[in-house]
Amino acid sequence: MTIFPVKEFENIPTPFYYYDLNILRETLNEVAKHSSRDNYHVHYAIKANANPQILSIIRDAHLGVDCVSGGEVQAALNAGFSPDKIVFAGVGKSDWEIKLALENNISCFNVESEAELEVIQEIAQSMDKSATVALRVNPNVDAHTHHYITTGLAENKFGINLEMLDHIIERCIILPNINLQGLHFHIGSQITETEPFKKLCLKINELQSHYENIGIKFNSINVGGGLGIDYDNPDENPIPNFKDYFETFHNNLELRPWQQLHFELGRSIVGQCGSLITRVLYVKEGVKKKFAIVDAGFTELIRPALYQAHHNIENLSSKTTDTEHYDVVGPICESSDRFGESEILPITSRGDLLALRSAGAYGEIMASQYNCRNLPKSLFSE
Ligand SMILES: *Cc1c(COP(=O)(O)O)cnc(C)c1O
């Protein structure tokens with residue numbers, strides 16, 4: 001459980017991110033403990049949080065990286081990750097991004113369309129390189145998550161539809177600078193049940209049998225990420241159930257003896273270690289409601305505005321046990337700039353520090369400068 005050094009916070013300009021590095025390390029230990037099989041490779045989805053200090057801890061835990069842009073490939077290299085542990089996904093890779101990845105000999109492109117495959121071939125040929133690729137397949141598995149973050153259904157910009165897969169695999173075999181290594185999947189995010197992952201395994205089993213029947217074998221399977229965190233109970237459940245997660249794949253996926261299994265976890269690794277710390281500017285009395293107006297907005301944490309997500313809100317300063325209902329809102333000139341509606345908080349006043357919990361993933365990294373605001377700074381435990 002995160003214990004906030006509130007005294008220390010008093011002297012620091014708000015808003016800022018606070019990272020409990022013990023939670024991060026404990027989380028990484030759990031990942032290591034349950035993914036220790038020789039053929040398992042865990043990549044950290046760097047888009048969740050690319051704070052250099054966070055990255056150095058993840059690198060020291062020997063994870064690889066999953067990138068979705070050239071900037072992320074560069075950030076991973078800058079943080080000292082080995083290129084042979086970097087994979088590169090994304091529906092819209094620019095030529096410079098493909099070149100950067102080839103120059104640095106990253107381990108694999110997760111290719112999302114035939115058009116992209118042809119461009120990678122062209123660029124690899126011009127550089128006299130061979131590009132190792134996995135095909136991102138759209139397995140048509142419903143992740144039962146928010147529609148903005150489900151990615152594995154048929155009508156989706158991500159991945160290659162099953163009907164087109166045979167043809168693209170043929171192209172991979174023909175193209176001289178393409179080395180097809182395997183299949184890649186990613187069905188969505190914030191998945192808190194094991195059932196969608198089990199369905200994914202069964203789908204992969206089907207596909208593997210189909211391709212083996214026509215003489216095609218894959219060296220690797222990449223099942224993506226998507227394991228969720230408990231946003232409602234960050235102190236009770238600071239670490240996701242990695243045991244069940246990895247066991248679901250172990251028990252359901254018919255991996256061949258020569259195959260490597262790759263995972264790409266983002267949120268589940270960094271989500272619970274971060275909180276956004278903000279100060280109450282004003283308590284505004286409405287007709288029927290009270291508003292706690294804070295100095296953080298969706299510029300620092302956009303998930304509530306973008307995905308209707310909810311982060312637990314804690315008042316770190318209040319000494320009373322008497323409570324009141326507040327709409328907790330930010331200063332940005334948009335109605336969607338709201339962190340909570342009718343939140344029950346201890347009586348709250350100007351100057352109180354609030355913590356928006358479980359904000360380690362898709363928080364700081366999605367910060368913007370809208371309204372000419374400064375990007376948030378970060379503070380670390382110890
Ligand atoms: C975002 C993403 C991930 C990580 O998703 P999480 O839900 O944060 O685990 C993994 N793989 C790909 C291709 C992604 O786009």
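Mentor: Strand 9 (residues 220–222) pairs with strand 10 through three bridges, in the parallel sense. Strands here are DSSP runs of E with at least two residues, numbered from the N terminus, and two strands pair if DSSP finds at least two bridges between them. One of these bridges links Asn 222 to His 262 of strand 10. The model is a predicted one, in which local features need pLDDT of at least 70 and side-chain atom pairs count only at pLDDT 80 or more, whereas totals for chains, interfaces and linings use all residues. Residues are numbered from 1 along each chain as its sequence is written, and side-chain values use heavy atoms, without hydrogens and water.

Strand 10 also runs parallel to strand 2 (residues 40–45), to which five bridges join it. Here Tyr 44 has Leu 265 as its bridge partner in strand 10. Of the six residues in strand 10 (260–265), five are buried, that is, under 20% relative accessible area with a 1.4 Å probe and protein chains only.

The ligand comes next. Glu 264 is among the residues that come nearest to the ligand, along with Lys 47, Ser 189, Arg 267 and Tyr 362, out of 16 around it; a residue is near if one of its heavy atoms lies within 4 Å. The side chain of Ser 189 places an N or O atom 2.3 Å from an oxygen atom of the ligand. Taken alone, the ligand exposes 390 Å², of which the protein buries 95%; such areas come from the Shrake-Rupley method with a 1.4 Å probe.

Notes:
A polar contact is a pair of N or O atoms within 3.5 Å; within protein, one must be able to donate a hydrogen and the other to accept it, and residues adjacent in sequence count only if both atoms are side-chain atoms. Buried means under 20% relative accessible area, exposed over 50%, partly exposed in between (1.4 Å probe, protein chains only). Helices (H or I, at least four residues) and strands (E, at least two) are DSSP runs, numbered from the N terminus.
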